[in-house]
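Subject: Structure handover

Hello,

Here is the structure I promised. Please open it first, then read my notes alongside.

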Amino acid sequence: MKSKIITIALIIGLSFTFTRCDFLDIVPDNTVEVGSLFENREKALSALSTCYRYLPNFEKLHSSMSLAGDEWVGRLDAAVADARGNTRGEKLMRGWNNSNDPILNYWSGGGGATSLYQGIRVCNIFFENIENVPDITPAERADWIAQVKVLKAYYHFYLTRLYGPIVIADKNLEPFSEVDEVRQERQSVDSCFNYSLKLINEVLYDENGNPRPDLAVDRDVAYYGQIDQINARAIKAQILITRASPLFNGNSEFFSNFKNKQGNTLFPLQYDPEKWKQALDGIKDAIDYAEARGKKLYTFTGQPKFWDVDNFEKSEIIQYAYNKRFSIVAPWNEELLWGYSGLDYEGQGGFAHATNMRSVAEPTTASYAWQWLGADYRMDELFYTKNGVPIEDDNTFEYNNRLEITEIPEDTYHKGYMQAGEKTIKLHLNREPRFYAWMVVDRSIWRTHDMANDVKMRYNEYPGGRGSQHTTDFYWTGIGVKKLVHPESGTGHWARVVKYPYPIIRLSDLYLMYAEAYNEYYGPGAEAYFYLNKVRETGGLRPIEEVWSDASIVKTPGKHLTKEGLRDIIHRERIIELSFEGHKYFDVLRWKEADRYFLTPMKGWNTTGVDPEQFYVLMTLQPRVWQSPRDYLMPIPLSDINRNPNLIQNPGW
């Protein structure tokens, strides 16, 4: 075999350099003989593992895109709110980004992110050398190649979502490549999407369109999280619906003057409805394939804890709330299509740590239960009423009096989730089960630390409240999130924390994709309702056609019968069902609706209030900054623009 030497400091590809990478660190003096990395199966398996290490970190809040958007509110004291390295996703929404020092720089690395181009180059090195490994079977080699192809497609797709037109890194450049070859140009958005789709299609189908068997159908327990046939199709569906969406499909409003050096437009300016049909077909294929292999929406069938036995007998909503709570935190459950398994088991910094409330038994113990990452007030209003429609559309809900203080009734609907006899506001009563499963409000009940805890958010109260014991570690909006915390997770030591794969794509996501694509291509119809209703059913909600035809409930009966009306219903359903999972930011961008969602400030309750009248005062806590169309795309790092004159900067940066 021809031996290759790679010098780490050598500029290759897009003038990026290799930084620390585990399987490139085995030879001193910053050089590594690539052939030695593929001498045997064990080393090649390490190389395969390294290809996965460039996945965006879905777990760690300071290094995740999941904080971008308008769902989360972290600490507002100077130590966190004014520190560029903390809660970076929030900083994007506050106008802190720039091209000189980009936040979450997935292009060349930095600002809390790792370069996805570096990950792509590692994938290319894998392709160049995997054929030379002597002690793996042909089937194993084919499976590994297929996995890395899908990873390479996903890395290109993730870059396209963030930056729009990108440089396609099909092959690594050689050290002796000419300067003109190194200075590559950004390709059109359609070319970028099509490249990712091409790679995945090569894995799934042969040249005649017949299914290829190379990629495994599913994985053994030890290899959960690796790419298989199920999640490869789900990733393809995600790419297709993004390509079909308004930001990338006929966006002459934003990008008619966005051109390369030759004067060619980089975004498609003409709307193509057939992209929605292609998305619809790809999503249906992903759904059918997953369901045929046992994937389904999660339903809780376990034994409830002793403190919930009575609730299970009497509560109207507990089964549905359990369905939704455990659909996220039950490891590798049947609804999960692709999960992030690169978890830091002993360290802190994950969403589950930052959102978990401190233990009643150990209120001063902050480790693994930081108690300061909460939700914006808009999330308090987002969820449906118990009738399954928005609070502003429900005739039976006292919308105009929603902030009025009232007593929590001792009834079967709120049993197990709100503290009977305590004071709250009407906004927190008669809401859908997902609200009680995922949101934490004052005088609610939170199953965490393997207990049913009575939450108290007012000043000098615990668990949950602000006070002398918790001068920074409290929910600054007075609203918490329990969605990402397993009910049995404890505090004080990593071994007490229940870890689970962070959901990247769930089956409910695919169902909602299908409803959206169907409505965009055909308009309202039974198939769109069918998949919407499947998601709603596990949450205890009535069918779309039924509730939106009931004039005694909805203010606009028949809304679901128009394309625009159903679009609004589907978007709301996605935002609720996938809340706090990192989807809303990307959904809002692809829908081209950032001005609707991202311009208003973050709000919350007066956490210094000692009684309901003082606590339930809505306050503006933090302004947000959004500039359209500039902020729809991340900036290309200025250092790369300076090194490569063929790179065009994104508009406004």
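Helices in these notes are DSSP runs of H or I, at least four residues long, and they are numbered from the N terminus. By that count, Lys277 sits in helix α10. Please keep in mind that this is a predicted model.

**Helix α10 against helix α16**

Start with α10, residues 274–292, and α16, residues 507–522. Their axes come within 9 Å and cross at roughly 150 degrees. An angle over 145 degrees counts as roughly antiparallel. α10 is therefore roughly antiparallel to α16. The crossing of the two is left-handed.

By class, the contact of α10 with α16 divides into 15 nonpolar residues, no polar ones and six charged ones.

Leaving aside neighbours within four places in sequence, Lys277 is in contact with Tyr521 and Tyr522. Lys295 is 18 residues from Lys277 in sequence, and the two C-alpha atoms are 24 Å apart in space.

**Helix α1 against helix α4**

Next, take α1 (residues 41–52) and α4 (residues 116–129). Their axes come within 9 Å and cross at roughly 150 degrees. α1 and α4 are therefore roughly antiparallel to each other. α1 passes α4 in a left-handed crossing.

Ala44, Ala47, Leu48, Thr50 and Cys51 of α1 make the contact, together with Val122, Cys123 and Phe126 of α4. The residues of this contact divide into seven nonpolar, one polar and no charged.

**Strands**

Strand β4 covers residues 336–340. Five of its five residues are buried, so β4 is largely enclosed by the rest of the structure. β4 pairs with strand β12, residues 502–506, in the antiparallel sense. Four bridges link β4 and β12.

Now go to β9 (residues 445–448) and β10 (residues 451–454). They run antiparallel and are joined by four bridges. Ile445 stands opposite Asp454 in β10. The hairpin of β9 and β10 has two residues between the strands.

His449 lies in the loop between β9 and β10. Its phi is near 60 degrees, a positive value in a residue other than glycine. Is His449 buried or exposed? His449 is buried, with a relative accessible area of 11%.

**Two buried side chains**

Gln419 is in the loop between β6 (405–407) and β7 (423–425). With a relative accessible area of 7%, Gln419 is buried. What does Gln419 touch, not counting residues up to four places away in sequence? The list is Ile408, Arg443, Ser444, Ile445, Asp454, Val455 and Lys456.

Glu381 lies in helix α14, residues 377–382. Glu381 is buried too, at 16% relative accessible area. Not counting residues up to four places away in sequence, Glu381 touches Ile391, Tyr399, Arg402, Leu427, Arg431 and Arg572.

**Backbone points to check**

Pro463 is found in the loop between β10 and β11 (480–481).

The peptide bond from Ser628 to Pro629 is also cis, again with omega near 5 degrees. Pro629 lies in the loop between β14 (619–622) and α23 (638–643).

Lys592 is not a glycine, yet it has a positive phi of about 65 degrees. Lys592 lies in the loop between α20 (584–590) and α21 (594–597). At 23% relative accessibility, Lys592 counts as partly exposed.

Best wishes

Technical notes. Residues are numbered from 1 along each chain as its sequence is written. This is a predicted model: local features need pLDDT of at least 70, side-chain atom pairs count only at pLDDT 80 or more; totals for chains, interfaces and linings use all residues. Side-chain values use heavy atoms; hydrogens and water are left out. Axes are lines fitted to C-alpha atoms, for helices over the stretch in contact, and angles run from 0 to 180 degrees between N-to-C directions. Angles under 35 degrees count as roughly parallel, over 145 as roughly antiparallel, 65 to 115 as roughly perpendicular and the rest as oblique. A crossing is left-handed if the near helix is turned anticlockwise from the far one by less than a right angle, and right-handed if clockwise. Ala, Val, Leu, Ile, Met, Phe, Trp, Tyr, Cys and Pro count as nonpolar, Asp, Glu, Lys and Arg as charged, and the others, Gly among them, as polar. Two strands pair if DSSP finds at least two bridges between them. Buried means under 20% relative accessible area, exposed over 50%, partly exposed in between (1.4 Å probe, protein chains only). Contact means heavy atoms within 4.5 Å.
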